[in-house]
Amino acid sequence: MKRKNSYNVVSLILILTIAASTLMYSPIETSQAQGNTMTFTTGETININSNVYIDFWSNVSMTFTSGIQIQFIEVFDGDGLIEPCDVIQVVFPPGFVMEPCSWWEVLDPLGNPTGYEFHIDQQYGPDEFHVDMVWPDVFWLPTGINIAEKKISVIEPCQYYVVHWPSGWYPAPCSWWEIIDPETGHPTGYEFHVDWTNESCEFHIDEVIPGPYILPFPWHQIEARKKIVQILPCDWYTILSGPVPEACSWWEIMYQGEPTGVEFHADQSIPTSQLFHVDIVSPDPSKIPPTYPTTARRKISTIEPCTWLKVDDLTSTPQPCTWWKITNPAIGDYEFHVDQSNQDGTFHVDQVYPATIHITPATDTVTAEKKITTIGSCDWFKVIDPASWLPQPCSWWRITSPQEWAGVIFHVDSTDQVSKFHIDDADTLPQGPTPPPWSVTAEEYTPPEPWYIKPPHPDYAPSGMPDFDQKQDRWGPGVDIYTWCGPVSVANSLWWLDSEYESLNFPQAVPPPIISDHFPLVTSYNPGVWDDHDQQNVDPLVRNLAFLMDTDGQRTGLTHQGTSYIDMETGISQYLQQQGVNPIGDCDGDGKVEPDDITIINNAMGSMPGAPNWNMAADVVINNLIDMMDLGTASSHIGQTGMFYEHTEEFADFYWIEAEIERCQDVELFLEFWQWIGSSWVKLYQDPSLEAGHFVTCAGVNSTNRELLISDPYWDTFEAGATQGRSPVAHPYPHPSSVHNDTRYVSHDEYIASLWMVPPPSPYGSKPVWELTGYLQAHGYDQTWHAFIRAAVATSPLGVHDVAVTNVTTSKTGCLPMETVGIGHNLTVDTTVENEGDFTETFNVQVKASNISHSITISIVAVNNLLVGEKRILSINWTVSGVLYDNYTISAVADTLPGETHVIDNTYTDGSVLVTMPGDVDGDLEGGRYDVDLFDAVKLLAGYGYRRGEPAYNPNCDIDNDGRVFLFDAVILLGNYGKKYP
C-alpha cells in the first residue's frame with residue numbers, strides 16, 4: 001500500500017510539472033548520431049493500397065425506342081391474322097414509306113409491346129407493304145387499326161430516339177450513355193452522346209464511340225445507362241461488382257488503373273439493393289472522365305489482422321514472415337507482419353503491433369518500410385542518422401541497439417554514394433526482439449587482428465618467428481642435398497623463445513652485435529666474441545641440435561636421412577638439459593626427473609644404437625651406451641623440476657595446433673607427402689631433400705579462416721609470390737640462404753589447414769588427419785600431391801603465469817535502449833578476474849572509461865593472492881565527473897605478470913555507457929542535444945517503486961544508484977526536466 005500511495009504522489013508531481021513545462025519547451029527534434037555512430041534502416045519501402053475495388057454506375061437508366069410509329073390495317077384477306085405474304089396498309093401518317101428490310105414491333109392500344117413483330121421486304125402499293133416474315137409466329141391483330149413501332153437495327157449519329165422509360169422523361173443534353181446489350185444485359189462498350197432533347201421525350205445523338213453500334217438483330221427497346229462525369233454529394237450509386245461500401249468509408253476514384261485524386265465518402269448503403277449514398281466529395285465539385293462503370297478503390301482507414309492489402313509495384317511485393325513499419329502517414333510507431341503474399345502484389349496481414357492501426361484521415365496509399373530481421377552478406381541498408389552521411393567502404397561496425405543484438409559485428413564493403421551501404425560479412429544475429437527493430441544503431445569498430453602472430457622481440461627476433469634456411473653450406477649429408485629441416489625448424493623456435501624471455505627478464509636488452517645475454521635457452525657458441533643472437537651463432541646452434549636429434553644418423557651412426565620426430569623430441573629435451581633450464585635426466589621431456597625417467601633408463605640398460613631396446617632418450621650422458629652412468633646421473637637429479645617441457649602430438653588437428661600457438665608455445669609440424677595415383681597412395685621418397693617429409697615452424701595462426709603461418713626451412717613461397725604471407729622487413733628475392741640468419745628477414749608463408757575428407761580414403765586408414773592445403777602445389781607439384789600433418793612437436797614453459805579478466809558489467813547493464821548515467825552521479829562496475837595459470841598471483845587491475853578521443857582511469861584495484869583457478873569479482877563505484885557528455889566504453893586491464901606470455905585475455909571490454917544529464921534515462925538526443933523530456937518521465941513512472949533484483953527494476957531510472965527507483969530519483973529528474981545540453 002505504501003508503494004501505491006507514493007507512486008500516486010510522484011505521478012501527480014510529475015504530471016503537473018510536465019504539463020506546465022510542455023508549454024515552455026519546443027517539440028521533439030530528430031536525433032543526431034554522434035561521431036562514429038550511425039542509425040540505419042533497410043531502406044526497402046512499399047506503397048500499399050487497400051486492394052478493395054468496386055465498380056459502380058450512376059443508377060440513372062433509360063430504355064428508348066426508335067420513336068417511329070405507324071397505324072396500319074391488314075388488307076390482303078382481311079382475316080385480322082398477320083402471316084407471311086400478307087399485305088398491310090399504312091393509314092397514318094399519310095404517305096409514310098416503310099423501309100424495306102425493316103422490323104416492326106406490334107403495340108397494344110396503350111402503346112406497350114405485344115411481343116409480336118413482322119418484317120417488311122418491299123412496298124406493294126402506294127400505302128401498302130408486303131410482309132415476308134413474322135416472329136415468333138403468326139398472330140392476330142389486337143384491333144382493326146393497329147400500331148407498330150420500328151425496331152432499332154443500328155445506333156448512330158444524327159438519329160432521333162424516344163425514351164420509353166421512365167415515362168415522360170428525357171435525358172439531359174450533353175450527357176453520355178452506355179449501351180446495354182439487349183440480349184445479355186451487359187455493357188457493350190459502345191456509348192453515345194445526347195446533344196439535343198425536347199419535352200416530347202425525344203433526344204438526338206450526335207456522337208457514338210467507338211463507332212456506330214450495329215445490333216446483332218433489330219431490337220425494340222434498348223437500355224442505356226448514364227455514364228458518370230462527376231461525383232456529387234447526395235447522389236445514390238449502384239454497385240456492379242465488389243462489396244457495397246459500408247457507411248463511413250472513404251473511396252478513391254480510379255481511371256485506367258491509376259488514382260484520380262478524387263475521393264468520396266459513403267454515408268449510407270442498402271446492400272440488398274446494391275445501392276450506396278455519397279455525402280462528401282473531395283475536391284468539391286469534382287469531375288472525372290466519363291466512365292461506365294466507374295471504378296473506386298477503398299481508402300485505408302484501418303489495418304488489422306486478417307487484412308488483405310496490395311502493393312502498387314508488383315516487384316516490391318513483401319515476402320512472407322517480414323515485418324513492416326508504417327512511415328507515411330506519420331501515425332506513430334505502428335507495424336504489421338506479413339504471413340502470405342501472391343504474385344499479383346496482394347499480401348495478407350496476420351499481426352499488427354501494438355494494436356489495430358487506425359489511420360485518420362483515411363488515405364489512398366500507405367508507405368511502409370521493411371523492418372530489420374537479418375543482417376548478412378549482400379544486404380543493403382539506408383542511413384537515416386546522421387543525415388546525408390555514409391560509412392566508409394571497408395569499415396567494420398558493432399551494433400549497440402537493439403540490446404538483443406548488441407555486440408554483433410558487420411563489415412561495409414561498398415555504398416551507392418547516396419544513402420545506402422552494402423554489407424559483405426556479418427556475425428549471425430542472436431534471437432532478436434519481437435517484433436524486430438525498424439532501425440539499428442551501430443558504432444564504428446576496429447576488429448581484432450584475426451591472425452595471432454608470434455610477436456617480435458628486440459633481442460633478437462624483430463620480425464617474430466625467425467625463418468632460418470636449411471640450404472646452407474655443410475648442412476646435410478652431401479652437396480645440394482638438404483636434410484636438416486628438423487634442427488633448423490627447432491632453432492627457429494628456441495631462438496624466438498629465448499628472445500621472449502630475454503625481454504621479460506631484462507627489458508633493457510639490446511640487439512647484436514652488442515653482447516647482451518640474460519637467459520640461457522640460447523647461448524653464444526663463442527662467448528665474449530659474439531652475442532647469442534648474432535648471425536654467426538645460427539650455424540653452431542643448428543649443428544648442435546642436428547647432433548642431439550641424430551639428424552642423418554650423425555649421433556648414433558644409424559643410417560638414415562633427416563630427422564624423425566621421435567628423435568626430435570629427444571634432441572629438444574636433451575638440449576634443454578644441456579642449457580641448464582631443465583634438470584639432467586629428464587628422459588620423457590616433461591621437465592621433471594621422476595621415477596618414470598628411471599624406468600626408461602632401466603628398460604634400455606646395456607643397449608647401444610641398433611639394439612632392440614635402444615632408446616636414445618635414455619642416453620643421458622650422450623655416449624651411445626646406456627649404462628650405470630646414465631642411471632646415476634639421472635638419479636642424482638630426481639625430484640628436480642625445470643622451466644620447459646616438450647610434447648609430441650601425432651596427427652595433431654588444427655584446433656590443437658591453434659591452442660598451442662596461442663598459448664605461446666613453440667610448435668613444429670612434421671609434414672608427410674603423399675601422392676594419389678589411380679587407386680592408391682604413394683609416398684614421396686624419390687626426392688631425398690624432402691626425406692619423405694618435412695619440418696616447418698609455426699609463426700602464427702588465423703582462427704577465423706583456419707590458416708597457419710609458417711617459417712619454412714626449405715622454401716620462401718611468400719617472397720616468391722606463390723602464397724599469401726608476410727615479410728615485415730623488405731629484402732631482395734631471390735637471395736643467398738644466409739640472408740635469413742639476420743632474423744629481421746623472414747618469409748612467413750600462409751596456408752589453409754583442412755581436415756581430410758573422403759574420397760579417396762586417408763593414407764592413414766580411419767585416423768583423422770589434416771593437411772596444409774596447396775602446400776606442394778605452391779612448389780610446383782600437381783593436384784595429386786598432398787602434405788599431411790603427421791605430428792606436431794611443442795615446447796613450452798612448464799609453469800604458466802596466466803591471469804585473465806573474464807567479464808565486465810555495470811549496474812546499468814541490460815538497460816534499453818542504452819545504459820545511461822548522469823553527470824555527478826555514480827554507477828557500479830563489476831570486474832571478474834580469474835587465475836588460469838599454475839601459481840597464486842598478486843597483481844593490479846586498471847578499470848577505464850574511454851570515448852573516441854581519450855581515456856580516463858576509474859580505479860586501480862589490487863588483487864592479492866588469487867589462487868589457482870579462483871574467480872573474484874571486483875566492485876568499483878564510479879562517480880562520474882570531469883568527463884564530457886558522450887558514450888564511454890568500460891574496460892578492465894590486468895597487469896602482465898613476470899613470465900606471462902598469454903596476455904590476450906588480460907583485457908576485457910564491456911559495452912558503452914552514455915554519460916548524460918541526470919534524469920535522461922532513455923539516452924535519446926534531440927537534434928544532437930542531451931535532454932530530459934516527457935519520455936524520460938514516463939519511463940521513470942513505469943519503474944517507480946521497484947528495487948534491484950525485481951523483474952521490473954530499471955537501473956537507468958535508479959538515477960542515484962541506491963538500488964531502488966524512488967522519490968529521490970523523481971526529484972532529480974524534475975530538477976532537470978526540460979533542460980538540454982549543449
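**From strand pairing to aromatic rings**

Modeller: Strand β30 (residues 335-341) and β31 run antiparallel and are joined by six bridges. The model is predicted, so local features need pLDDT of at least 70 and side-chain atom pairs count only at pLDDT 80 or more, while totals for chains, interfaces and linings use all residues. Residues are numbered from 1 along each chain as its sequence is written, and side-chain values use heavy atoms, with hydrogens and water left out. Strands (E, at least two residues) and helices (H or I, at least four) are DSSP runs, numbered from the N terminus. Two strands pair if DSSP finds at least two bridges between them.

A parallel case is β50 with strand β56 (residues 907-916), which pair over four bridges. Valine 821 is partnered by valine 915 of β56. In β50 (residues 819-822), Glu819 and Val821 point one way, Thr820 and Gly822 point the other way, and all are buried. Buried means under 20% relative accessible area, exposed over 50%, and partly exposed in between, for a 1.4 Å probe and protein chains only.

Next come the helices. In helix α6 (residues 628-635), the buried residues are Asp630, Leu631 and Ala634. They lie on the same side of α6 because they cover an arc of only 100° around the axis, the arc being that of the directions from the helix axis to the C-beta atoms. These buried residues pack against α5 (595-603), where contact means heavy atoms within 4.5 Å. The N-terminal end of α6 is capped by aspartate 627, with a side-chain oxygen 3.1 Å from the backbone nitrogen of methionine 629. A polar contact is a pair of N or O atoms within 3.5 Å; within protein, one must be able to donate a hydrogen and the other to accept it, and residues adjacent in sequence count only if both atoms are side-chain atoms.

A nonpolar core is a set of buried Ala, Val, Leu, Ile, Met, Phe, Trp, Tyr and Cys residues joined through side-chain atoms within 4.5 Å. The largest has 38 residues, of which Leu521, Leu545, Tyr575 and Phe644 touch the most other members. Elements supplying at least two residues each include α2 (485-505), α3 (538-548) and α4 (565-578); α2 gives the most, with nine.

Last, the rings. Rings of Phe, Tyr and Trp (its six-membered ring) pair if their centres lie within 6.5 Å; planes under 30 degrees apart count as stacked, over 60 as edge-to-face and the rest as tilted. By this rule there are 50 aromatic pairs. Phenylalanine 673 and tyrosine 775 are stacked, because their centres are 6.0 Å apart and their planes are at 15°. Phenylalanine 673 is buried at 0% relative accessibility, and tyrosine 775 is buried with a relative accessible area of 0%. Tryptophan 676 and tryptophan 681 have centres 5.2 Å apart and planes at 65°, so this pair is edge-to-face. Tryptophan 676 is partly exposed at 22%, whereas tryptophan 681 is buried at 14%.
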